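Welcome! Try each task yourself before you read its solution.

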Amino acid sequence: MTTETKTSGTHAATTGTTGTDATGYAAEHTPRLAWTEHAPEVFKAMIRLDAAARQGLDPVLLELVKIRASQLNHCAYCLDMHTKDALAAGESVERIIQLSAWEESRHFYTPKELAAIELTEAVTVLTDGFVPDEVWEKAAKEFDERELAQLISAITVINAWNRFAVTSRLVPGHYTPGQFGGPAK
């Protein structure tokens with residue numbers, strides 16, 4: 001068994017390839033690939049695309065979108081990052097928790113946020129069909145065309161990030177708010 005010391009969240013732990021760490025938690029998995037090191041130009045392009053996509057969007061709304069897409073894509077790395085960034089941007093724990101069940105918790109969100117969340121789901125889960133006209137119309141009612149174009153861009157970018165992270169098996173738990181340009185504490 002290989003072991004090394006890791007700092008994860010609020011505790012330092014010795015992890016191995018199997019079993020549990022010194023705190024009794026399951027051991028961290030090993031990333032498959034450090035893709036950013038092997039495709040640095042793609043990574044740099046993604047950083048620029050991410051920065052361009054977020055322009056003109058409310059930072060809190062943007063983090064809700066990123067969290068919801070990451071929930072749908074089962075991307076633990078991005079969930080770790082964007083929940084921390086959302087908290088740093090002033091989002092409440094309650095609204096972050098309720099996001100996974102937003103349809104039953106609509107009263108936690110504004111109509112604009114609901115339209116963005118619903119559009120995020122439609123764009124993220126294309127296997128359910130194309131983006132329905134009803135979803136589009138709700139979003140178009142809440143966002144002007146420029147904002148809508150930025151929102152679609154932001155949804156597309158987080159989906160790309162999710163796919164890089166899930167495929168490479170990036171390890172959640174080590175992100176610090178603002179580390180990659182998001183809101184900092």
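## Exercise 1: α3 beside α6

In this predicted model, helices α3 and α6 pack at an angle of about 35°, with 9 Å between their axes. Work out which residues of α3 and α6 meet, and what classes they belong to.

*Solution.* 
- Step 1: Start with the handedness, which is right-handed for the crossing of α3 and α6.
- Step 2: On the α3 side, pick out Leu61, Leu64, Val65, Arg68, Ala69 and Leu72.
- Step 3: In α6, their partners are Lys112, Glu113, Ala116, Ile117, Thr120, Glu121 and Thr124.
- Step 4: Sort the residues of this α3 and α6 contact by class, and you get 7 nonpolar, 2 polar and 4 charged.

## Exercise 2: α3 beside α4

Decide how α3 and α4 are oriented to each other.

*Solution.* 
- Step 1: Find α3 at residues 59-72 and α4 at residues 76-88.
- Step 2: Their axes come within 9 Å and cross at roughly 160°.
- Step 3: Angles over 145 degrees count as roughly antiparallel, so α3 and α4 are roughly antiparallel to each other.
- Step 4: The crossing of α3 past α4 is left-handed.
- Step 5: Now list the contact: α3 brings Glu63, Lys66, Ile67, Ser70 and Gln71, while α4 brings Cys78, Leu79, His82, Thr83, Asp85 and Ala86.
- Step 6: In this α3 and α4 contact, 4 residues are nonpolar, 4 polar and 3 charged.

## Exercise 3: A pocket

Which helix gives the most residues to the lining of the second largest pocket?

*Solution.* 
- Step 1: This second largest pocket has a volume of about 170 Å³.
- Step 2: Its lining is made by Trp102, Glu103, Glu118, Glu121, Ala122, Val125, Asp128, Gly129, Phe130, Pro132 and Val135.
- Step 3: α6 gives the most to that lining, with 3 residues.
- Step 4: To finish, the lining of the second largest pocket divides into 6 nonpolar, 1 polar and 4 charged residues.

Definitions and conventions: Residues numbered from 1 in each chain as written. Predicted model: local features only at pLDDT ≥ 70, side-chain atom pairs only at ≥ 80, totals over all residues. Heavy atoms only, no water. 1 Å grid on protein atoms, 1.4 Å probe; cavity = no way out; pocket = protein on both sides within 12 Å on 5 of 7 lines; lining within 4 Å. Points joined across faces, edges and corners; volume = space filled by probe spheres on them. Helix = DSSP H or I, 4+ residues; strand = E, 2+ residues; numbered from the N terminus. Nonpolar A, V, L, I, M, F, W, Y, C, P; charged D, E, K, R; others polar. Axes fitted to C-alpha atoms, helices over the stretch in contact; angles between N-to-C directions. Parallel < 35°, antiparallel > 145°, perpendicular 65-115°, else oblique. Left-handed = near helix turned anticlockwise from the far one by under 90°. Contact = heavy atoms within 4.5 Å.
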